[in-house]
Amino acid sequence: MKVVVFGQGYVGLPLALAACNAGFDVTGIDVNEEKVFKISSGQSPIEDIFSSELNQAINSGNFRITQEVKYDNTVNIICVCVPTPLGNNHQPDLEVLESAVKDLGQSLKPGMLVIIESTIQPGTTRNVVIPILERESGLSRDQFLVAYSPERIDPANKKWKINNTPKLVAGLTEEAAQKAKEFYSKFINQVDICESLEVAETAKLLENSFRLVNISFINELAIFCQKIGIDINDVVKAAATKPYGFMPFYPSVGVGGHCIPVDPLYLASAAKEAGAPTRFIELADQINLEMPKYFVGRANEILGGLKGKKVLVIGVAYKPNVADVRETPVATLIEGLEKAGASVSWHDDLVKTWNSQTSVPITDQYDLAIIATPHDYIQLSKLGNTPLLNTRGSK
Ligand SMILES: NC(=O)c1ccc[n+]([C@@H]2O[C@H](COP(=O)([O-])OP(=O)(O)OC[C@H]3O[C@@H](n4cnc5c(N)ncnc54)[C@H](O)[C@@H]3O)[C@@H](O)[C@H]2O)c1
């Protein structure tokens, strides 16, 4: 069986390699020349995939990557894992997805199965993807198969990997759903079929909106705890002893990455369109966006003014133990500190270079150190007696 995966990023590359390891013949397609060069020369661009794993797949002869968006008519399954970001006005932007679907539609042949994994609004597979496929291929929807299967990759998660994280699938038809289930079941332990494409699309948005809302709630509560002189982490730890009806979430400088700050706004936008606005999501988004400003205020308080002060921000990736800076709230934190007159340096040896700047060593030569993203490797002892502001909760 031949599989093509459009988009070889955090979602597409692990999927391609898992399918290759399960015996499929896999071609990864990506429009980013640098990424294609890196992957084809055996260097993994993401933390969760070791270069040795990638090389093993390349050497098996069953995995290759190309920039060529065409594929031949012996391909059985085409997966789409391209970005679905927010565009202007913080609104969903489907341009990249539409362009990838257009490209894949041109090589589509009867009987092929197309599976969309990118996060999208309910109704997008049926009302946007399928019409493009029909137009570009000249086929009608009953001549090919379409499924939606939201990805559940959690970068740097040591326990939940692609194989042991249950996967949802939904098909335009029963046959499409069954074929998609058959495919994923070759390398994923549990695959569940949803009632419709829209149920699977909305389930993904619910998962990430649930996280956004709860993280923002804990962040709001962290501000309260700080005011009354207790540590939010102690409160969460205490509450988490309850064996039912509670799930712990932890404080931060806000949410980042390609999913939690983005996907809920796909849901909010669809909800607004349907005349049933999701006020929780909008409020949660607002609270998280305000967190960096809150910590600039705390830094200002600690130092009695930020003008001319040397501040070291520790960790700029959006979450611990990854090098990903997409949508990182630390960017807004640094911007706020600089606006208030501080001279800001940052340390993050996973990210290394960012915004044309380089990670600096951790030393005791600063007026204040702010822990933004605590990677496991970071040694705070190098700060000596430098005053510390921990965005991850402390009094
Ligand atoms: N990374 C996650 O943990 C995560 C979590 C939740 C949801 N998602 C969703 O998964 C989808 C993919 O995210 P990702 O993190 O893998 O993104 P990514 O940016 O890591 O990878 C996407 C890749 O697609 C490539 N691409 C762009 N246009 C293309 C085209 N027309 N044809 C072929 N390749 C193209 C890009 O060059 C890039 O390498 C998004 O919808 C995202 O919202 C990701």
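Predicted model: local features only at pLDDT ≥ 70, side-chain atom pairs only at ≥ 80, totals over all residues.
In which loop is S356 found? S356 sits in the loop between β11 and β12 (357-358).

**View 1. S356 has a positive phi.** Phi of S356 is near 60°. The value is positive, and the residue is not a glycine. Most residues other than glycine have a negative phi. S356 counts as exposed, because its relative accessibility is 83% and the cut-off for exposed is over 50%.

View 2. K352 is placed in the loop between β10 (343-347) and β11 (353-354). Its phi is positive as well, about 65°, although K352 is not a glycine. K352 has a relative accessibility of 52% and therefore counts as exposed. T353 belongs to strand β11. With a relative accessible area of 53%, T353 is exposed too. T353 and L383 are 30 residues apart in sequence. In space, C-alpha to C-alpha, T353 and L383 are 21 Å apart.

**View 3. A shell of 29 residues surrounds the ligand.** The closest of these residues are V11, D30, K35, T84 and E151. By class, the shell holds 13 nonpolar, 10 polar and six charged residues. Two helices, α4 (95-107) and α7 (197-228), each supply at least two residues of the shell. The largest share comes from α4, with three residues.

View 4. In the side chain of T84, an N or O atom is 2.5 Å from an oxygen atom of the ligand. I153 takes part through its backbone: an N or O atom there lies 3.1 Å from a ligand oxygen. G7 also uses a backbone N or O atom, 3.4 Å from a nitrogen atom of the ligand. Taken alone, the ligand exposes 820 Å². The protein buries 93% of that area.

**View 5. Helix α1 is largely enclosed by the rest of the structure.** The helix spans residues 12-21. Nine of its 10 residues are buried, which is why α1 is described as largely enclosed. The buried residues are G12, L13, P14, L15, A16, L17, A18, A19 and C20. After α1 comes G23, with a positive phi near 105°.

**View 6. N32 caps the N-terminal end of helix α2.** Helix α2 covers residues 33-40. A side-chain oxygen of N32 lies 3.0 Å from the backbone nitrogen of E34. G42 follows α2. Phi of G42 is positive, near 85°.

**View 7. S252 is a buried loop residue.** The loop in question runs between α8 (232-239) and α9 (263-273). S252 has a relative accessible area of 5%, so it falls under the 20% cut-off for buried. Its side chain reaches the backbone nitrogen of G254 at 3.1 Å.

**View 8. The largest cavity is lined by 13 residues.** Two cavities of 30 Å³ or more are counted in the model. The largest has a volume of about 110 Å³. Nearest its centre lie E151, R152, I153, I162 and K167. The lining divides into seven nonpolar, one polar and five charged residues.

View 9. Two elements give two or more residues to its lining: α7 and α10 (279-303). Of these, α7 gives the most, with five residues. The volume is about 90 Å³. By class, the lining has nine nonpolar, seven polar and one charged residues. Helix α7 also supplies at least two residues of the shell around the ligand.

How values were computed
Residues numbered from 1 in each chain as written. Heavy atoms only, no water. Near = heavy atom within 4 Å. Polar contact = N/O pair within 3.5 Å; in protein donor to acceptor, adjacent residues only side chain to side chain. Areas by Shrake-Rupley, 256 points an atom, 1.4 Å probe, with all protein chains shown as cover. Helix = DSSP H or I, 4+ residues; strand = E, 2+ residues; numbered from the N terminus. Nonpolar A, V, L, I, M, F, W, Y, C, P; charged D, E, K, R; others polar. Buried < 20%, exposed > 50% of the residue type's maximum accessible area, 1.4 Å probe, protein only. 1 Å grid on protein atoms, 1.4 Å probe; cavity = no way out; pocket = protein on both sides within 12 Å on 5 of 7 lines; lining within 4 Å. Points joined across faces, edges and corners; volume = space filled by probe spheres on them.
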